[in-house]
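Trainee: Hi! Could you walk me through this structure?
Mentor: Happy to. Here it is.

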Amino acid sequence: MTTPTNPRFTHTKYRPFPRVALDDRQWPSNSVTTAPIWCSVDLRDGNQALIDPMTVEQKKQMWALLVRMGFKEIEIGFPSASQPDFDFARWLIEARQIPDDVTVQVLVQARDELIERTYEALRGVRRAVVHVYNSTSPVQREKVFGLEKSGIVDIARKGAAKVKTEAEKYPDTEWVFQYSPESFSSTEVEFATEVCNAVIDVWQPTPDNKTIINLPATVESAMPNVFADQVEWFCRNVDRRDSITVSIHTHNDRGCAVAAAEMALLAGADRIEGTLLGNGERTGNMDIVTMAMNLYSQGIDPELDISIADDIIATVEACTNIKTHPRHPWLGELVYTAFSGSHQDAIRKCLAVQTDDQPWDVAYLPIDPQDIGRTYQSVIRVNSQSGKGGASYIVEQALGVTLPRWMQIELAQHIQAASEREARELSGDEIVAIFREAFMPRGGHYELSGYQTEHSNGQHTIQATLNDGQNLITLHGKGTGSVSAFGDALHKTTGLDIQVVQYEEMSLGEASDAQAMAFVQISLQGQRFTAASQDGDTLAATLLSIVTALNIAISQGIKAA
Ligand SMILES: CC(=O)SCCNC(=O)CCNC(=O)[C@H](O)C(C)(C)COP(=O)(O)OP(=O)(O)OC[C@H]1O[C@@H](n2cnc3c(N)ncnc32)[C@H](O)[C@@H]1OP(=O)(O)O
Ligand SMILES: CC(C)C(=O)C(=O)O
Ligand SMILES: [Mg+2]
């Protein structure tokens with residue numbers, strides 16, 4: 001047993017949440033196949049949790065983003081509680097900012113004067129959801145409200161009645177009523193259902209005129225499977241199930257808000273409330289972006305435009321003053337980045353064979369980062385944990401060629417040494433610079449000034465000119481190919497026994513002025529030297545790369561005769 005440093009760290013003062021009696025639960029066998037009705041509560045629940053609540057200007061910015069993303073239901077605030085919320089509602093209505101297919105929603109406590117003010121804020125709106133709530137859990141009943149269950153039912157029933165009678169004063173608006181038994185997940189499910197049934201009895205919804213019943217995990221206090229049981233129990237027992245939209249509103253206290261909302265869909269819910277990137281009270285509201293991307297990555301249309309990921313992050317950060325964690329699911333800066341060698345190797349190999357007409361199937365990348373505007377350049381980043389795949393990928397992207405495997409191994413050694421020396425990540429530019437410095441150094445002992453080749457009777461001959469900085473040296477050689485003929489010519493001139501161990505040449509493009517790239521590894525006095533060269537002609541590129549490899553060898557102490 002570990003003795004905690006702080007003696008107050010005592011688990012025995014907490015109790016497990018009681019399970020729901022639902023032995024024939026169905027939800028574990030269900031699947032989610034379509035997106036739910038989404039409702040953004042960024043402008044209300046997200047806003048009420050901020051150090052500095054949004055100004056009207058920030059609310060306008062957030063509103064524009066939510067509409068652009070395709071939200072059809074947006075909770076715009078608590079207009080009876082604050083003047084900015086009231087003013088924002090008036091601006092939306094008077095400046096005709098609400099598209100025909102978007103419905104605004106507002107929250108209000110079950111208190112008469114607040115409900116009246118709420119309708120004033122909404123005067124003239126085409127369609128709106130009036131969302132009324134009161135708390136139902138034992139702790140709220142006993143310690144906050146000091147009421148028996150009947151008193152709580154009474155608040156709900158009276159609030160619902162007031163919502164209904166006020167609505168009648170504004171007959172030109174299409175009103176939708178929503179009720180939340182706040183702290184639903186911490187309430188005995190039988191009692192929560194009883195309170196909702198009392199509200200339903202007041203509102204008398206029909207299949208053509210539905211009421212929204214929103215089930216909040218105001219504070220997440222149990223595992224998501226317990227929440228799913230509560231939702232399934234509720235859906236089975238609530239009155240007029242066909243006349244209500246069952247909505248879910250989870251918070252993230254245990255880190256499972258998305259999981260709980262997903263399981264609630266399995267359990268029969270129709271609608272999900274949440275916020276972008278999960279801003280909200282304490283650990284936040286359910287993150288709609290994460291849940292929508294979870295659907296998307298399963299081949300389900302999320303019915304929200306998340307392709308504008310960077311705009312979403314920028315707007316949320318500008319309106320909330322909260323930074324996005326680099327490992328935030330789906331959208332964080334690092335979530336499509338691999339530093340480790342084996343991941344980079346797998347990603348590179350999978351990307352090389354992935355085509356647009358096949359289902360996405362790339363190891364370590366659950367979706368194509370390009371779908372949300374991320375480039376493959378940011379996918380592979382290199383530090384001391386990286387192997388040959390990562391650095392090669394970056395050089396290949398920069399040069400437009402595929403490096404031969406032996407070249408990748410050589411490159412990896414240079415990169416590993418540099419990243420360990422620097423003790424940090426190497427940028428793409430640095431990696432390309434290391435490649436060029438190691439394998440394509442400029443200058444050197446010899447410069448290839450020109451060459452001519454001939455081929456007859458199966459034999460290749462070459463005449464080449466080298467400049468050693470002082471003299472022009474003409475060399476002659478023969479062999480079974482131009483490369484071996486050049487090796488022979490170098491041997492005769494320098495006295496060095498140069499064996500071309502590996503070489504590969506490739507074209508860099510389709511156009512007639514295409515550049516060629518050659519990679520070569522020579523063996524000399526028991527050592528290997530690797531070089532690369534680029535030229536308009538493949539043979540020239542190869543000969544240049546041999547001269548470069550020879551120059552590298554000389555620069556490392558190999559002496560010409
Ligand atoms: C889980 C959620 O997110 S719920 C939404 C929470 N959001 C907010 O509260 C943000 C906006 N709220 C506010 O600005 C203020 O609370 C206001 C303006 C609405 C009301 O302020 P106040 O009149 O000072 O009341 P306050 O919010 O402190 O509520 C306390 C009183 O309302 C009662 N009350 C609280 N919630 C409710 C409710 N949903 N329905 C009915 N009565 C309620 C309490 O029992 C308490 O009554 P008491 O004064 O008789 O003891
Ligand atoms: C008002 C309700 C829906 C709420 O925000 C909550 O219970 O978390
Ligand atoms: Mg909430």
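Trainee: Among contacts between residues at least 6 apart in sequence, what share joins residues at least 24 apart?
Mentor: That share is 64%. Two residues are in contact if their C-beta atoms, placed from the backbone, lie within 7 Å. Keep in mind that this is a predicted model, where local features need pLDDT of at least 70, side-chain atom pairs count only at pLDDT 80 or more, and totals for chains, interfaces and linings use all residues. Residues are numbered from 1 along each chain as its sequence is written, while chains are lettered from A and ligands numbered from 1 in the order in which they are written.

Trainee: Got it. How many helices and strands does the chain have?
Mentor: There are 17 helices and 14 strands. Both are DSSP runs numbered from the N terminus: H or I of at least four residues for helices, E of at least two for strands.

Trainee: And why is the chain called more spread out than a compact globule?
Mentor: Its radius of gyration is 35 Å, well over the 24 Å that the globule rule gives for 561 residues, so the chain is more spread out than a compact globule. That radius is taken over C-alpha atoms, and the rule is 2.2 Å times the number of residues to the power 0.38. Along the principal axes, the C-alpha atoms fill a box of roughly 105 × 65 × 40 Å.

Trainee: What percentage of the residues count as buried?
Mentor: Of the 561 residues, 42% do. Buried needs 20 or more other C-beta atoms within 10 Å of the residue's own, exposed means 12 or fewer, and partly exposed is in between, with C-beta atoms placed from the backbone.

Trainee: Which residues have the most contacts inside the largest nonpolar core?
Mentor: Val106, Val231, Ala261, Ala264 and Val289 do, in a core of 97 residues. Helix α9 (residues 257-266) gives the most to this core, with eight residues. Apart from it lies another core, of 51 residues, Met407 and Leu543 among them. A nonpolar core here is a set of buried Ala, Val, Leu, Ile, Met, Phe, Trp, Tyr and Cys residues joined through C-beta atoms within 7 Å.

Trainee: New topic: which residues are closest to ligand 1?
Mentor: Phe78, Ala81, Gln109, Ala110 and Asn134 are the closest of the 15 residues around ligand 1. A residue is near a molecule if its C-beta atom, placed from the backbone, lies within 6 Å of it. Both α1 (42-48) and β4 (127-135) supply at least two residues of that shell.

Trainee: What about ligand 2, which residues surround that one?
Mentor: Its surroundings include Asp45, Tyr133, Glu182, His249 and His251. Here β5 (174-182) and β6 (211-217) each supply at least two shell residues.

Trainee: Where does UniProt place the pyruvate carboxyltransferase domain?
Mentor: The unreviewed UniProt entry has "domain: Pyruvate carboxyltransferase" at residues 36-310. Over residues 36-310 the chain is 44% helix and 19% strand.

Trainee: Is helix α5 buried or in the open?
Mentor: Of the eight residues of helix α5 (residues 138-145), the number buried is zero, so α5 lies largely in the open. Just after α5, glycine 146 takes a positive phi of about 60°.

Trainee: What is the phi of arginine 240?
Mentor: Near 50°, a positive value in a residue other than glycine. Most residues other than glycine have a negative phi. Arginine 240 sits in the loop between α8 (224-237) and β7 (244-250).

How values were computed:
UniProt positions renumbered as here; feature names shortened; annotations may be inferred.
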